[in-house]
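User: I have a chain to go through and would like to know what lies behind each label. Could you take me through it step by step?

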Amino acid sequence: MQNLTFEQLPAAVALLLEKIEKIEKLLSGMEDKDHSEYLDISKAAIYLNLAKATVYSKVCRREIPAYKNGSRLYFKRDELEKWMTKIPILTNTEIAAQADLYIQKRAARRRF
């Protein structure tokens, strides 16, 4: 690491900003590639940790997003991720807070 003088500081900051911009471009390109990746039924089953038959039945019931090209099914990785995280399992504390809020709203309606 070298010591910079006050006069060298603007050039050093400009260089750092340029390098950060390059890194951001690289990372955003990698992220887009990973998340828009299409998976076949086997890879989707592995990604979801489900049996292929279960994935087929969920597609049949229109529970998960899928694309059909001829007789083959394809899935977008980012859509599967959204589907998996769509309905979280609430903790007991979160359930109690929702119940309290519900009771408070019901009590407020009865007053009027």
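Analyst: Gladly, and let us begin with the overall dimensions. The protein chain has a radius of gyration of 25 Å, whereas a compact globule of 112 residues would have one near 13 Å. That radius is taken over C-alpha atoms, and the globule rule is 2.2 Å times the number of residues to the power 0.38. Along its principal axes the C-alpha trace spans about 70 × 60 × 25 Å. Please keep in mind that this is a predicted model, where local features need pLDDT of at least 70 and side-chain atom pairs count only at pLDDT 80 or more, while totals for chains, interfaces and linings use all residues. Residues are numbered from 1 along each chain as its sequence is written, and side-chain values use heavy atoms, with hydrogens and water left out.

User: What makes up the secondary structure of the protein chain?

Analyst: There are five helices and three strands, in the order α-β-α-α-β-β-α-α along the sequence. Helices (H or I, at least four residues) and strands (E, at least two) are DSSP runs, numbered from the N terminus.

User: Why is α2 called roughly perpendicular to α3?

Analyst: Two packed helices are described by the angle between their axes and the distance between the axes. Helix α2 (residues 41-48) and helix α3 (residues 52-60) pack at about 100°, with axes 9 Å apart. That makes α2 roughly perpendicular to α3, because angles of 65 to 115 degrees count as roughly perpendicular (under 35 is roughly parallel, over 145 roughly antiparallel, and the rest oblique). The axes are lines fitted to C-alpha atoms, for helices over the stretch in contact, and the angles run from 0 to 180 degrees between N-to-C directions.

User: Which residues of α2 and α3 meet there?

Analyst: From α2 come Ile-41, Ser-42, Ala-45 and Leu-48, and from α3 Lys-52, Val-55 and Tyr-56. They divide into five nonpolar, one polar and one charged. Here Ala, Val, Leu, Ile, Met, Phe, Trp, Tyr, Cys and Pro count as nonpolar, Asp, Glu, Lys and Arg as charged, and the others, Gly among them, as polar.

User: Why is Lys-58 called buried?

Analyst: Lys-58, in helix α3, has a relative accessible area of 17%, so it is buried. The cut-offs are under 20% for buried, over 50% for exposed, and partly exposed in between (1.4 Å probe, protein chains only). Beyond its neighbours within four places in sequence, Lys-58 is in contact (heavy atoms within 4.5 Å) with Leu-50, Glu-63, Ile-64 and Trp-83.

User: Is Ile-64 buried or exposed, and how do you know?

Analyst: With a relative accessible area of 6%, Ile-64 is buried. This residue sits in the loop between α3 and β2. Leaving aside neighbours within four places in sequence, Ile-64 is in contact with Leu-48, Val-55, Lys-58, Val-59, Phe-75 and Trp-83. Its C-alpha is also 9.1 Å from that of Met-84, 20 residues apart in sequence.

User: What makes Asn-49 count as exposed?

Analyst: Its relative accessible area of 70% does, so Asn-49 is exposed. Asn-49 lies in the loop between α2 and α3 and has a positive phi of about 60° although it is not a glycine. Arg-62, in the loop between α3 and β2 (67-69), also has a positive phi, about 55°, without being a glycine. At 77% relative accessibility, Arg-62 counts as exposed.

User: And what puts Lys-43 in the partly exposed class?

Analyst: Lys-43, in helix α2, has 48% relative accessibility and therefore counts as partly exposed. Lys-43 and Arg-77 are 34 residues apart in sequence and 9.7 Å apart in space, C-alpha to C-alpha.

User: Where is Thr-5, and how far is it from Tyr-56?

Analyst: Thr-5 is in the segment before α1 (9-35). Thr-5 and Tyr-56 are 51 residues apart in sequence and 65 Å apart in space, C-alpha to C-alpha. With a relative accessible area of 40%, Thr-5 is partly exposed.
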